[in-house]
Each structure stands twice: as structure tokens, then as C-alpha cells.
Amino acid sequence: MAGREYYTLMASLPALPYFERASRLPINEVRLRKRLEMLEDDDRAVTRKLIEFLAWKQQPLERTDREVVTLYEQMERLTRHLPGAWSMIVKEISQRTIMAALRRRKKGQGPPGKWETWGVGPWVEHIELHWNNPDFMMGFTFPWIPKARSLLEGGEALELSRLLFKENWDTADGLSWDDPFSFEAVLAYISKWAIISVWLGYDNQAAEKRFNSLIMEVTHGQEQLFSIG
């Protein structure tokens, strides 16, 4: 928050390698949470909720879409005064919504019904309106969509995850660029830590298994919308 200093906390955290070069987590979750106790109560509340928000990458199939939407709404309340952090959250949820639409279209399904809850964030109506456009008329704003669509169509689950993680990593990097000792830098650190955590447990076989699982859920009309692949 403005007027507060985060030097001590940020200096206490080990540097994070780029997720593709990481061989282990530089700090485990227990120790990370312990370090975050240095924060003031309101800051700590934001970091706890962000860790919970990002954790869906690790157990997406066990979470309902309603739970993800609720987390998104809670993050909006907690970070609306932090434009950079809120922008990071919006980009993350928009990525999930776009991927949900691509998966749905891959199965030959039409646009969602008027009262159907299928995505969240500022781009839902836009995607519905441009459903038949290959990139939903969003390629300029999200230039990764064509490649993601191609990887999805080709069943290249690991490469798709790599692409999406890179986008999220770059977004987090941008959040801490101006001031590496700000609260936004703390949130960026948590985001990148979460990416490494998921990536380290994400081998190609597991990625393909989950990819197929998601397709099966779509087939049976029970799509879990906000999952990574």
C-alpha cells in the first residue's frame, strides 16, 4: 500500500528463476506464507486470497465454476484500488474465459445460451458476439490466441500450458517492473511462484491426461470452464 515499505519482505524472499528453468521451488508454501506474515493485516488478506485464487491451477477439476467466479469477485473487492494488480487478475481470468470458449468451439458447440454461466470477466459478451470469428475479434488485444487455438486443435497440451504460463509470467513481470519493492511486486512474486509450482508438477503425460479429461467433460456437457488447458 502507498506509504508502506516492503523492502524487508522482498529482500527476504529468494529469487525466482524463469519457470522453464526451475528445477525446484526456491521457497515452499509454508515458508512463503510465514514470510508474508510480515505484512500489515490488510495486505496479508490480499496475499492470502491471491494464493487461493491462483491455486485453481493445481486443482481445477475439483473446483466449481461458481467457486472460481466468487474468488474473482473477492479479488476485485480487494485489489480495485491497485490498478496493476487488478489488471493482472483480469488478464488471468480473461485467459481462462477465452480458453473455455475455444474448448467449447472445438467440440462444435455453439455460443452459450443467454442465461448460461460459462465465463467471467470483461470479455464474455464480446466473445459471445464474435463467436464465429476464429479469434473472437480479440487477436490484437490477446495475440497469443491464434497459437493457443492451433495447439488446442493439435492436442499439444504441454505446449499449450507453456504458452499460457509464459503470458501470465510476463504479465506478473510487468507488475513489478516500476518498483521491485512495492506491494504490487509482492503480488507479482506470488503469481510467479504459483506458476513455477504448477509447472514443476506438470509433465507431458499428466498434461495430456488432463487435456483428454477436459475434452470428455465437454462431451458430456459438464465442462469445467476455468481450467488451464
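Analyst: A salt bridge here is a side-chain nitrogen of Lys or Arg within 4 Å of a carboxyl oxygen of Asp or Glu. The model is predicted, so local features need pLDDT of at least 70 and side-chain atom pairs count only at pLDDT 80 or more, while totals for chains, interfaces and linings use all residues. Residues are numbered from 1 along each chain as its sequence is written, and side-chain values use heavy atoms, with hydrogens and water left out.

By the salt-bridge rule the count is 10. One of them joins Lys192 and Asp173, with the closest N and O atoms 2.8 Å apart. Lys192 belongs to helix α9 and Asp173 to helix α8, so this pair ties together parts 19 residues apart in sequence; helices are DSSP runs (H or I, at least four residues), numbered from the N terminus. Lys192 is buried at 13% relative accessible area, whereas Asp173 is partly exposed at 29%. Buried means under 20% relative accessible area, exposed over 50%, and partly exposed in between (1.4 Å probe, protein chains only).

Salt bridges with shared partners join Glu20, Glu159 and Arg162 into one network. Within it, Glu20 and Arg162 have their closest N and O atoms 2.3 Å apart. Glu20 is in the loop between α1 and α2 and Arg162 in helix α8, so the pair ties together parts 142 residues apart in sequence. Glu20 is partly exposed at 36%, as is Arg162 at 23%.

Arg149 also pairs with Asp135, at 2.2 Å between the closest N and O atoms. Arg149 lies in helix α7 and Asp135 in the loop between α6 (124-129) and α7. Arg149 is partly exposed at 24%; Asp135 is buried at 16%.

Notes. Helices (H or I, at least four residues) and strands (E, at least two) are DSSP runs, numbered from the N terminus.
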